[in-house]
Amino acid sequence: MTTLDPVTVELIRSSLYYASEEMGIALRNSSYSPNIKERMDHSATIFDSEGRLLAQAEHIPVHLGSLPWGLKNIIEYCQKEGLGLEEGSMIVANNPYIAGTHLNDLTVVRPVYHRGGLVAYAANKAHHADVGGVVPGSISIDAKTIFEEGFIMNPVQLMRRNEFLKETVSLVASNSRSPVERIGDLKAQVAANITGERRILQLIERYGLENFLSAAEKSFDYTERIMRSRISATMNKGTFQAEDYVEDPNGRDITLRVKLTVLDNRIHVDYSGTDRQVPYAINAVFGVTLSGVHFVVRTLIGDDVPMNEGAFRVVDVYSPEGTVLHASFPYPVAGGNLETSQRNADLLYLAFSQSLPEKVPAASGGSMNNVMIGGMHEGKSWAFYETIGVGLGGRYAMDGLDGIQANMTNTMNTPIEEIERSMPILIRRYGFRSNSCGAGQSRGGSGLVRAYEMLAESTTFTVLSERGRHEPYGLLGGSGGARAKVILYRNHQGRLRKKRLPIKQTAILKKGDIVEMQTAGGGGYGNPKNRDRHKVLADLENEMITKSYARRLRWRV
């Protein structure tokens, strides 16, 4: 290896980061489905030839944290099965026990060659709105095994010699209720990887292969050093424990436990004591659990630290196989990627709050609030998927953000215009949820209210949410945020009858029925009695809270 100056190393590292961002732009701009084009439910990464992370865009944490684990599994699988990773090929997979996350996420991998030698991989993951299964949207609350969640695809070639394999494209399209979207989104993922490949090769041509490889090693080492330094300088050392719960569809609490050991320059995370896997779609594959650890540690260490292989070297994670945080095939895992990942983040933050009490926020609303809607309309099958934001937890000297995607997700909302243009749905209400914020010196963020009216004669509506029984916790005297609610207004001869639904539910709706999602607010931070009166008055003026809420807390209004 040549000796590179730090400026050149940083130029190469930054260029790879922006290449991954450009991959995401290419994916979004060429996709078909609202979930990717509007909500940006996708992620893009670049790896070296050994499958070590070089760069990732600021996309979806649960995707990004699991992609390094998934890519190494995909490479291993291809080598074991004799599946070619030759120049001009492209691999696609969605089996979460190999690729990570859940069946809706298709991972597409491009081996990048330079003058006949493998030098890197461009890879991305995107959430496809429907991949078959028993309900539109493919995330079934009642699934007992992964086979009921949709079609399962182990790594297969999507392209060979830069040509699409029609049988692979057909396999994806024919197993979805919206085949045109699937083909368009899959080709958008290919466009993203081609974009990444082009930028990688331009870098190699500019700086030389030897310098490219040397810069990668130096970036890994630099990240490892700064991670160790930050742990040593900023975190209180010791062993800290926490417990949280996933709410299963039958009213039982599934316990998650973690023991966090902060050493002088390393962190050990041990999930021993977590409950066994269950026959519901709330189990998580190990890659999802890893993603939570790396996300939480990164937010506490600082976003100025490069996110690459070096960041993983200082964190050890143990999760016993066969538990809800390390499921084994063929247990269902669709909701583990979505909701259990959020519980894991809150669990880890609660443990870290004992080490960094002034840096860790109170609990967020803690759910992606997944909505899956679909059926038949005007002779065509259709499927729609989105998530809805929550309130973030209050922080030291700062209120939590209102109505935003929290922690393990980083998507946008679907514009109302796009929903009503493309789907037989009318959005009847969308806004902040009053009195949902947890009280504190710094209040939690407010949740959201979003109401859907069905325009088709018959529609299957599935909701998968969390924090219906357990409120998002407050810290240092702050109170918890409001719990999530799902309300059905059933259209009966032109009159609406109100009914509370479980937060994990599939219902058959008729034309004119309305479902209202009320998402959880963030927990409060610090003693509510110490809240600045001017902030209370501002919240009243903005209708985040009511006077009765303020009086209950004995705030002066």
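How many bridges join β8 to strand β9, and which way do the two run? Ten bridges join them, and the strands run antiparallel. Everything here comes from a predicted model, where local features need pLDDT of at least 70, side-chain atom pairs count only at pLDDT 80 or more, and totals for chains, interfaces and linings use all residues. Residues are numbered from 1 along each chain as its sequence is written, and side-chain values use heavy atoms, with hydrogens and water left out.

**View 1. The open sheet, strand by strand.**
Four strands line up as β8-β9-β10-β11 in an open sheet with mixed pairing. Strands here are DSSP runs of E with at least two residues, helices are runs of H or I with at least four, and both are numbered from the N terminus. Two strands count as paired if DSSP finds at least two bridges between them. At the edges sit β8 (238-247) and β11 (315-318), each pairing on one side only. From one strand to the next, the twist averages 15°.

**View 2**
Strand β9 covers residues 253-262.

Helix α8 (residues 286-301) lies across β10 (267-270) and β11, running at about 145° to β11. As for α10, it lies across β8, β9 and β10, at about 150° to β8. The axes behind these angles are lines fitted to C-alpha atoms, for helices over the stretch in contact, and angles run from 0 to 180 degrees between N-to-C directions.

**View 2. Inside the largest nonpolar core.**
The largest nonpolar core takes in 94 residues, and L158, M235, V269 and F352 have the most contacts inside it. Helix α10 (residues 334-352) gives the most to this core, with eight residues. A nonpolar core, for the record, is a set of buried Ala, Val, Leu, Ile, Met, Phe, Trp, Tyr and Cys residues joined through side-chain atoms within 4.5 Å. Buried means under 20% relative accessible area, exposed means over 50%, and partly exposed is in between (1.4 Å probe, protein chains only). Zoom in on M235: leaving out residues up to four places away in sequence, it touches R230, V262, I267, L300, I301, F352, S355 and L356. Contact means heavy atoms within 4.5 Å. There is also a second, separate core of 27 residues, with I36, I200, Y207 and F220 among them.

**View 3. The largest pocket and its lining.**
About 1,100 Å³ of space lies in the largest pocket. Its lining has 44 residues, and P61, F295, R298, T299 and D303 lie nearest the centre. The largest share of the lining, six residues, comes from α8. Each of α1 (6-30), β2 (53-56), α3 (61-81), α8 and α10 supplies at least two lining residues. A pocket is an open set of points on a 1 Å grid over the protein atoms alone, where a 1.4 Å probe fits, with protein on both sides within 12 Å along at least five of seven lines; lining residues have an atom within 4 Å of a point. Points are joined across faces, edges and corners, and the volume is the space filled by probe spheres set on them.

**View 4. R39 meets T414.**
R39 sits in the loop between α2 (34-37) and β1 (42-48), and it counts as buried because its relative accessibility is 0%. Beyond its neighbours within four places in sequence, R39 is in contact with P34, Y385, E386, T387, Q405, T411, M412, N413 and T414. T414, in turn, belongs to the loop between β13 (380-386) and α11 (416-422) and is buried at 1% relative accessibility. T414 and N35 are 379 residues apart in sequence, yet 7.2 Å apart in space, C-alpha to C-alpha.

Most residues other than glycine have a negative phi, and most peptide bonds are trans. M40, in the loop between α2 and β1, has a positive phi near 60°. S138 also isn't a glycine, and its phi is positive at about 70°; S138 sits in the loop between β5 (117-127) and β6 (156-160). Finally, a cis peptide bond joins F329 and P330, with omega about 10°, and P330 is in the loop between β11 and α10.
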